Amino acid sequence: MERIGVVLGRREATPLEFWVGVEGEGLLRLDDLVVVEAFHPKVGRVRYFGMVDHVAKAHEGEAYDTDTFLAVEGRIPVSLVYVAHVSVTRILPEEFLPPDPGSPVYLAQGEELELALYYEAMRNQKGSTKLPAGLLKNGEAAYLNLEFLNGVKGGHVNISGISGVAAKTSYATFLIKSLLESGVLEDAHQAKVLLFNVKGEDLFFLDKPNARLNEEARRVYERLGLPATPFRSVAFLAPPRKDGYVPDLETRLEGVKAYHWDLVQFCQRGLLPFLFADRGFMTNLGLLVQHLTEKLRRLAEGQKGPHLLVEDWPGEDLPEEVSFESLGKVRLKSFSDLVRYLEYKLLGPETGEGEGDRTWTARQAKGTLEAFARRLRSSVENVAHLVRGDRPGNPPDPLKGEQVHVVDLAKLSPQAQMFVVGSLLKDLFERKERGQYRGRVFIVLDELNKYAPREEESPIKDVLLDIAERGRSLGVILIGAQQTASEVERRVVGNAAIRVVGRLDAAEAERPEYRYLPASFRQRALILPQGAVILHQPEIPVPLLVRFPFPAWATKREEVLEDNSAEALRRELLG
Amino acid sequence: MWRLLALRPSWPPPEAEAPASSDPEGFRPLEEPWEARRTEPRPWPEPLYFVDGKEREEALLAQGERLALLGCVAAGVVVHRGGRMALLSSAVRRVGVGLSEPLRAGELLYEPVEASGSDYASLREGLSRAREALEGEVAAGLSGGLLVVDGPVRLLWPGPLLGYIKTHWARYLPGPEEALLHALRPGERTPAFRVRRRGMELASWYLRLPLPPEGLRPPQAGLLRVETPLSGPFSQLADLSLSLFPLLASHPMKDPRAPQNLVPVGALERELARRMGSPEVVGRLLAKHLGGG
């Protein structure tokens, strides 16, 4: 054990915190872990494990600040003091007596480090549940207790931090990598991951090795027990271009599928409410939306799609391009057809002062009906390319096929983003609820403040709340991220067992959402470099500052390590 | 059985310097002509030692008619070497002046020291002698370089030695020569002159320390008298002292005894006071073990 100093007596030494004076050439930094032993005849030996959360140097014997100039010029003798404040993380056995001033302080290494960070308690009947979560300052691996992530004792992760600097997405993907490939998650092969890509196209090269990965980063992966490889099984899904069926992506063309829903799926799955994401269910409009969702569901019953057949739309009102089925039914072939049909059912024929179909209007006043029609019409521009009647739908299905599904939202309008996220999460959650998939599902969603805002009501927020509150027991785990946790629904953040903080802005760091961090960590959150995060988990009373390795997968086109072997070229040319 | 008569009998402590004999008639200059001198800056000798001591009266005890003074004396050495000023060594001793055998009060042990008389003044003198002895002890281990002591030269030291006197009780210069003191500017000194004391032959000179802001105080305010054994290279040492003391002068904002109280010595005194222990704690220990005063 490396002796580093002594417990100071000039300042109070308590069982929960004390000061250490560093001796000689000793080195003690923020986040270093130390151990102190005390002895009392009545309780025997007590060991204190703690983490350094404040270090300071000062000249002793100086009465004025300007004395430092004299000391530097060699005119007065001073003694340099080097002190550190230690927050105790653990006392073994649990006898809360203070350590004696003057007791030697040692650096916690090896077994002592494990005790200090409760690693030895991270296990269940089947073995260790230590999930690699990054590297500590001293180069040793930092672990999360998997049981607080996979839903056994707790679930969900919440990541906060400024966009661009905090590397929220990078850390989330690193965690996914660790979950899938560290071997700690037992049924990792069954786990599915749904990643929403909200900005740029960063996540569209998850399956390509990163050309900028250097030896040092590889050693970090090795140290963490993770392969420095890209993700193996990834499906990439992007919305189609508005003028066609090709995925709307710029940097990656191959291996990306376009996703959309067809009209029958839209009706059968009851996705209408997700177009009205800003309205609660208890308003008149909300009630109408619910009613129409149900009507559409019935209408689509038994239909195969992709187009929707309706029989009660008299010919004289039809737009020209709408075609007739042989049996006299009308065929709706696009989202705007559906919108017009709904307008007809609610407000009557366009010509004249007719009334809508009473079974559809749900006794709502004309004003409400018109408001609904107006809003629906305005959504045509946003979602017509996602809900279509011209070809069979292939919405993303994260529970089938590849292990990781990346779904692009970046180019969609906010309304369309809401629609896609809401539809996917609802579908996924319902299927897990019905027990249709056994494995765990991890959902990575950035910009939670948009989907589950603190102030407003919306159907998506309801789905997210459902996941946050009940998902844990159903094996649906949300890895949510946002710039500012203060703007996200409290219950969504509050249900996350693991909290991660990247670089924060100063005003945000002072909000009560971050009070679980000691003051020194809140201060440091303002200056965190890229690639470092503060990690808080329920079992360890102090947060850990961890570094995570440079991604082994490319995050943009330029980083992709080109595979120029003959075999790869042949594959590319032949298909 | 000694009983406690008073805690910290003289507080605040008196200025230590006792009046010495004035002898303007025996004045004999050692350098000519009698006018202000200044020199080019010269490097400090290495190592450069500063020795100083400190005494503290802690309690006055009585046993019948007899009195004894419990006190604490400390001495230390600060060395300037390689551009850094550092504390080299220090010693703290608790003494009982007038005791005939050691006295223990809790953790404190007072060693007996003889006194010339049994009155309070003699006891205090005994305490001062104990401090001087301790200063001699810490200085005895030093070798090479230049030694600077606070107060008049009393020690016997093989190498070059400078003593400096901060307060001027005695007059050494006759009237006409004394006028030069008022004309000295910062960084200037008088020529050396001879001083005889207790059988010692010394060379002495006055120098003027900077006392910012200039012009606000009488020019005598920054005077320092320096002395060195006459047998040594006093003229060189006098020139060197102009490069030494003005640089070490303390600033009036920080030290009420500025500028004569040199900064390394001030720091050493603070350090010694700290090593003597808290007077409150010592007082409580004494009161507990020797009975209330």
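Modeller: Strand E22 of chain A, residues 476-482, is mostly covered, with 7 of its 7 residues buried. Buried means under 20% relative accessible area, with a 1.4 Å probe and protein chains only; over 50% is exposed, and in between is partly exposed. Strands (E, at least two residues) and helices (H or I, at least four) are DSSP runs, numbered from the N terminus. This is a predicted model, where local features need pLDDT of at least 70, side-chain atom pairs count only at pLDDT 80 or more, and totals for chains, interfaces and linings use all residues. Residues are numbered from 1 along each chain as its sequence is written, chains are lettered from A and ligands numbered from 1 in the order in which they are written, and side-chain values use heavy atoms, leaving out hydrogens and water.

Now the two faces. Val476(A), Leu478(A), Gly480(A) and Gln482(A) point one way from E22(A). Ile477(A), Ile479(A) and Ala481(A) point the other way. Residues on both sides are buried.

Next, the neighbours. Two strands pair if DSSP finds at least two bridges between them. Strand E11(A), residues 157-160, runs parallel to E22(A) and is joined to it by 4 bridges. There, Asn158(A) has Gly480(A) as its bridge partner. E21(A) also runs parallel to E22(A), with 5 bridges joining them. In that pairing, Phe442(A) stands opposite Ile477(A).

Helix H10(A), residues 414-433, is largely enclosed by the rest of the structure, because 17 of its 20 residues are buried. Gly435(A) follows H10(A) and has a positive phi, near 75°.
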